[in-house]
Amino acid sequence: LIVNNYRVYQVFLPQSAGLVAVDRLKAFDAKLRELITKISAKADELAGQGKDVTAIKTLISTAEAQLSVAQGYITTAETAFTSMTISNPEGAKTLKLEGKSALLEARKNFSEAKKNLKSAVQAIKGLIK
């Protein structure tokens with residue numbers, strides 16, 4: 001009985017932590033997409049003034065692609081964490097590792113997207129001066 005009750009913690013706690021991490025990354029994704037919208041609007045405004053925003057548009061589209069890849073990893077992680085069951089602790093352990101590695105890949109893509117957006121903002125500041 002104690003062994004069976006322990007399985008609840010062995011599976012439930014990592015599952016909960018994984019799902020919380022997934023939610024946080026979804027929120028971060030939404031913020032980055034909002035930022036992309038703002039940067040795109042500013043780039044369009046500058047293009048309307050006759051300035052060359054080709055590099056900025058490239059950085060934005062690269063960031064969008066990286067966010068799409070990250071979103072795929074988030075979905076994979078969410079699927080892995082929600083598939084964890086108490087009745088199968090070994091399978092849950094494998095799913096936990098799969099979910100964690102997907103979250104790491106998503107974070108890498110978010111980091112790259114964030115760098116590209118920072119570069120785009122710097123390029124915009126350079127054009128405004």
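**Confidence, packing and surface of the predicted model**

Within the protein, confidence (pLDDT, the predictor's confidence in each residue, from 0 to 100) is lowest in α1, at a mean of 89, and highest in helix α2 (residues 54-82), at 96. Helices are DSSP runs of H or I with at least four residues, numbered from the N terminus. The mean pLDDT of the protein is 92, and 95% of its residues reach 70 or more. Where pLDDT is low, the predicted coordinates should not be read in detail.

The model is a predicted one, in which local features need pLDDT of at least 70 and side-chain atom pairs count only at pLDDT 80 or more, while totals for chains, interfaces and linings use all residues. Residues are numbered from 1 along each chain as its sequence is written, and side-chain values use heavy atoms, with hydrogens and water left out.

The structure holds 1 aromatic pair. Its members are Phe28 and Phe110, arranged edge-to-face, with 5.3 Å centre to centre and 75° between the planes. Rings of Phe, Tyr and Trp (its six-membered ring) pair if their centres lie within 6.5 Å; planes under 30 degrees apart count as stacked, over 60 as edge-to-face and the rest as tilted. Phe28 lies in helix α1 and Phe110 in helix α3, so the pair ties together parts that are 82 residues apart in sequence. Phe28 is partly exposed, with a relative accessible area of 30%, whereas Phe110 is buried at 2% relative accessibility. Here buried means under 20% relative accessible area, exposed over 50%, and partly exposed in between (1.4 Å probe, protein chains only).

Phe110 is also touched by Asp29, a residue of helix α1. Leu67 and Gln71 are the other residues that Asp29 touches, not counting residues up to four places away in sequence; contact means heavy atoms within 4.5 Å. Asp29 counts as buried because its relative accessibility is 7%.

Ala113 is placed in helix α3 (residues 89-128) and is buried, at 0% relative accessibility. Between Ala113 and Val69 the separation is 44 residues in sequence and 10 Å in space, C-alpha to C-alpha.

Leu127 likewise lies in helix α3. With a relative accessible area of 23%, Leu127 is partly exposed. Beyond residues up to four places away in sequence, Leu127 touches Leu46, Lys51, Asp52, Val53 and Ile56. Leu59 is 68 residues from Leu127 along the chain, and 15 Å separates their C-alpha atoms.

In helix α1, Gln15 is buried, with a relative accessible area of 15%. Leaving aside neighbours within four places in sequence, the contacts of Gln15 are Phe81, Thr82 and Met84.

Technical notes
Helices (H or I, at least four residues) and strands (E, at least two) are DSSP runs, numbered from the N terminus.
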